[in-house]
Amino acid sequence: MKAINTNLNRFAIRAGVSLLLMAVAAGFSFGHAHSQIVVLGDTNTTLQNLLMSKGLFQAEILGWCLILVLDVIAAWALYHFFKSVNKSISTLTASIRIIYSIILGMAIAQLMNIYNMLTETNQVTAQIVMEHFQSFENIWTLGLIVFGFHLIGLGYLALKSKLRFWGILLIIAGLSYSLVCILKQFQSLESLATNLEMILRIPMTVGELGFAVWLLVRGRKR
């Protein structure tokens, strides 16, 4: 029993640390660097920002790569943490997150294409750059639909573990991610998706981040 508790302690810490580091990296890569460079609807300004901020763009890509690695670590750690609750659902939930990670990798490849054009040819056009940035966001948005199902799976496992609060919050966060990102696929519903995202931002953010803190503070003691 002591060995089992020790292992769960380690997996809780690894999952919690990975999720929190991921949030910090995402805050930098998407919240800071990406928003500083990309101006939606303005291809020329975006290109100028990119040419003037090559170092920041490179740091953004490194941040996304770190997120990708942390996603895989989190999937592995959460699988082991919940394995004793329901091995089949835990395996499925981890697999969904791996699928999301693969999609995220495909999105990052779009940013790498831009970086390669900057370093190898130095001949880039505003239109091509914006197309790659748009492809990155489109692919990542599709990935977030999958990610939502991962959170729903985590919520189910949390409920089975008698963690009612976190189970409900994770399920709400997962449904929010999937619903908002599905609506974003339809141009006519983009405004609705934006407004809905503003409303659901708190459960979407608190769901996983709050659970990460719980893993570090309380989860490792269970």
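Colleague: Is the crossing of H3 and H5 left-handed or right-handed?

Modeller: Happy to start there, keeping in mind that this is a predicted model. The two helices span residues 54-82 for H3 and residues 126-160 for H5. Their crossing is left-handed.

Colleague: And are H3 and H5 roughly parallel or roughly antiparallel to each other?

Modeller: Let's go by the axes, which come within 13 Å and cross at roughly 20 degrees. Angles under 35 degrees count as roughly parallel. H3 and H5 are therefore roughly parallel.

Colleague: Which residues of H3 make the contact with H5, and how many nonpolar residues does the contact have?

Modeller: On the H5 side, the contact is made by Phe133, Phe136, Trp140, His150, Leu154, Leu157 and Ala158. H3 brings Phe57, Trp64, Leu78 and Phe82. By class there is 1 polar residue and no charged one, and the nonpolar residues number 10.

Colleague: Now the loops: is Lys162 buried or exposed?

Modeller: Lys162 is found in the loop between H5 and H6. Its phi is near 65 degrees, a positive value in a residue other than glycine. The cut-off for the exposed class is over 50% relative accessible area. At 75% relative accessibility, Lys162 therefore counts as exposed.

Colleague: What about Thr125, and how far apart in space are Thr125 and Leu92?

Modeller: Thr125 is found in the loop between H4 and H5. With a relative accessible area of 40%, Thr125 is partly exposed. Thr125 and Leu92 are 33 residues apart in sequence, and their C-alpha to C-alpha separation in space is 43 Å.

Conventions: Residues are numbered from 1 along each chain as its sequence is written. This is a predicted model: local features need pLDDT of at least 70, side-chain atom pairs count only at pLDDT 80 or more; totals for chains, interfaces and linings use all residues. Side-chain values use heavy atoms; hydrogens and water are left out. Axes are lines fitted to C-alpha atoms, for helices over the stretch in contact, and angles run from 0 to 180 degrees between N-to-C directions. Helices (H or I, at least four residues) and strands (E, at least two) are DSSP runs, numbered from the N terminus. Angles under 35 degrees count as roughly parallel, over 145 as roughly antiparallel, 65 to 115 as roughly perpendicular and the rest as oblique. A crossing is left-handed if the near helix is turned anticlockwise from the far one by less than a right angle, and right-handed if clockwise. Contact means heavy atoms within 4.5 Å. Ala, Val, Leu, Ile, Met, Phe, Trp, Tyr, Cys and Pro count as nonpolar, Asp, Glu, Lys and Arg as charged, and the others, Gly among them, as polar. Buried means under 20% relative accessible area, exposed over 50%, partly exposed in between (1.4 Å probe, protein chains only).
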